Amino acid sequence: MIAGTSLDRGIVFQEPRLFPWATVSQNVALGLKNAPLGERAKREAVAAHIALVGLDGFAQAYPHQLSGGMAQRAAIARGLVNRPRLLLLDEPFGALDALTRARLQVELQRIWAHERITMILVTHDVDEAVLLGDRVIVLAPRPGRVSRIFETSAPRPRSRTDDDLVRIRNAVLRALGDAGEDGPEAAPIGGLG
Amino acid sequence: MSDAALRTTLEPRIPALAGLRRISLRIGEAAFRRLVKLGWLLILPAVTLPIWIVGTGHGWLPEQILPRPQDVLHTLRDMIASGELAQHAGYSLRRVAFGFAIGATAGLIAGSAMGLSRRVDDYVRPLFTAIAQVPALAWIPLAMLLLGIGEGLKIVVIAKAAFVPVVMNTSAGIANVPKAFVEVGETFRFTPLQMLRHVVLPGSVPPIFTGLRYGLTHAWIALVSVELLASSEGLGYLLVWGRQMFWLDTVLVAMIVIGVIGFASDKVLAVIEARLQRWRIDDVR
């Protein structure tokens, strides 16, 4: 049972939601405000996570100085800085252009490989779900329910053109067709570390 | 477009030269823009001052109603030299400073409480609106009976005038901090104090300062009103007294001084606001 928020769960929203009045490093540091760490450990954690998402050199930049992709990286750093056991991603790349999205998908795989935590990513993009997830759960609307579950065992790092992935992608697309026209969602689950 | 034409448009210019031209263009542009802005600022004075000079020179209006600019200047110099002006301005400044400080502080506290808590807002808002609708000037008769005509009266009336816009803008600003930001604070389990310090206050700096600047303007308006009715010193008193004596040069001097002090104090608030919002400096000119 889950009641309310917890530092054990990180979240990345569809939009970066960085505080415009704080720098990247201050934004990430705010995630640690209530973490049981010393000042020094907090500073190190902030720097480490900014480096993890590839934003070194932008720690002192303000959100309005970042591109959409960079802002979303900062949001991922903020979601991870508490070292949560679970990271929730709510259509994290939905608002980005196709090229940036593809780049960040690769990045997210790298980050996952580094952090080895469970990630739940909600997306409408079947390619994204199949590329990133170890388990792709297709949801059906009204009432919201699990419609199908697909397991992917393709080794990482994955390539979009991998035959296995293409096969699963087609199966997911077919399942979505069955589930109805009105906006089913695919929710891939990143594997447990 | 022909191939040749396309090539010339796409061909990179010599980078260093282009860069240099860009920089010099930018400097020139900034200076030009500033000049244009100054020009716009000066249009109104540039039109009215000559009319004033010519009009009074030809005696279009009696001198008791509209004195010549040079007379006003002369009176201004005299009053500065005699220390009279500084004395009156000092009285007024002190009243505005105290009244504004009290009114704005109370307004920030009440406005924050109303913005943060739905319940406080529900209880307090009707009474506040009723009080706010009665102008500062209309409070003076009652306040006079309660407080006499001393400094207390002036400060209370000025404080009330500053209080109203500060409360309105602070409560609206705080209530309108995007929910999305508050949710981020919640995921990090911010305490109410952390939420205030890191999310709510930084997110409502612009409306709060709008309120403070309105409050200061209203404080000056109230000052003049209350000095008109119950004072024997101060810039407002100078205005009434000057009018009664038909010393319109004195009236104009008082008006100019009030305008200049009001402008300067508003500027001070604007600078503080800009400093609190340094993150926006790239956007704001």
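This is a predicted model: local features need pLDDT of at least 70, side-chain atom pairs count only at pLDDT 80 or more; totals for chains, interfaces and linings use all residues.
Local features need pLDDT of at least 70, side-chain atom pairs count only at pLDDT 80 or more, and totals for chains, interfaces and linings use all residues. Residues are numbered from 1 along each chain as its sequence is written, chains are lettered from A in the order in which they are written, and side-chain values use heavy atoms, leaving out hydrogens and water.

**Where the chains meet**

Let's start with the interface. On one side 20 residues of chain A take part, touching 18 residues of chain B; contact here means heavy atoms within 4.5 Å. The size of an interface is often given as the accessible area lost when the parts come together. For chains A and B, the buried area is about 1,900 Å², with 66% of it from carbon and sulfur atoms; this is the accessible area (1.4 Å probe) lost on putting two parts together, summed over both.

A salt bridge is a side-chain nitrogen of Lys or Arg within 4 Å of a carboxyl oxygen of Asp or Glu, and the count between the two chains is one. The side of chain A that touches chain B has nine nonpolar, seven polar and four charged residues.

**A helix and its neighbours**

Now for helix α8 of chain B, residues 179-187. Helices (H or I, at least four residues) and strands (E, at least two) are DSSP runs, numbered from the N terminus. Among the buried residues of α8 are Phe181(B), Val182(B) and Val184(B); buried means under 20% relative accessible area, exposed over 50% and partly exposed in between (1.4 Å probe, protein chains only). The buried residues of α8(B) pack against β1 (9-12) and α3 (68-80) of chain A, together with α9 (192-203) of chain B.

His198(B) sits in that helix α9 and is buried, at 14% relative accessibility. Beyond its neighbours within four places in sequence, His198(B) is in contact with Trp21(A), Leu30(A), Lys33(A) and Phe190(B).

**Rings together**

Over all chains there are seven aromatic pairs. Rings of Phe, Tyr and Trp (its six-membered ring) pair if their centres lie within 6.5 Å; planes under 30 degrees apart are stacked, over 60 edge-to-face and the rest tilted. Here are two of the pairs:

| Pair | Type | Centre to centre | Between planes |
|---|---|---|---|
| Phe19(A) and Trp21(A) | stacked | 5.4 Å | 15° |
| Phe188(B) and Phe190(B) | tilted | 6.2 Å | 45° |

Phe19(A) is buried at 0% relative accessible area, and Trp21(A) is buried at 14%. Ring pairs also link Phe19(A) and Trp21(A) with Phe181(B) into a cluster.

**Loops with positive phi**

Arg83(A) isn't a glycine, yet its phi is positive, about 50°. Where is Arg83(A) found? Arg83(A) is in the loop between α3 and β2 (86-90) of chain A. At 52% relative accessibility, Arg83(A) counts as exposed.

Conventions. Ala, Val, Leu, Ile, Met, Phe, Trp, Tyr, Cys and Pro count as nonpolar, Asp, Glu, Lys and Arg as charged, and the others, Gly among them, as polar.
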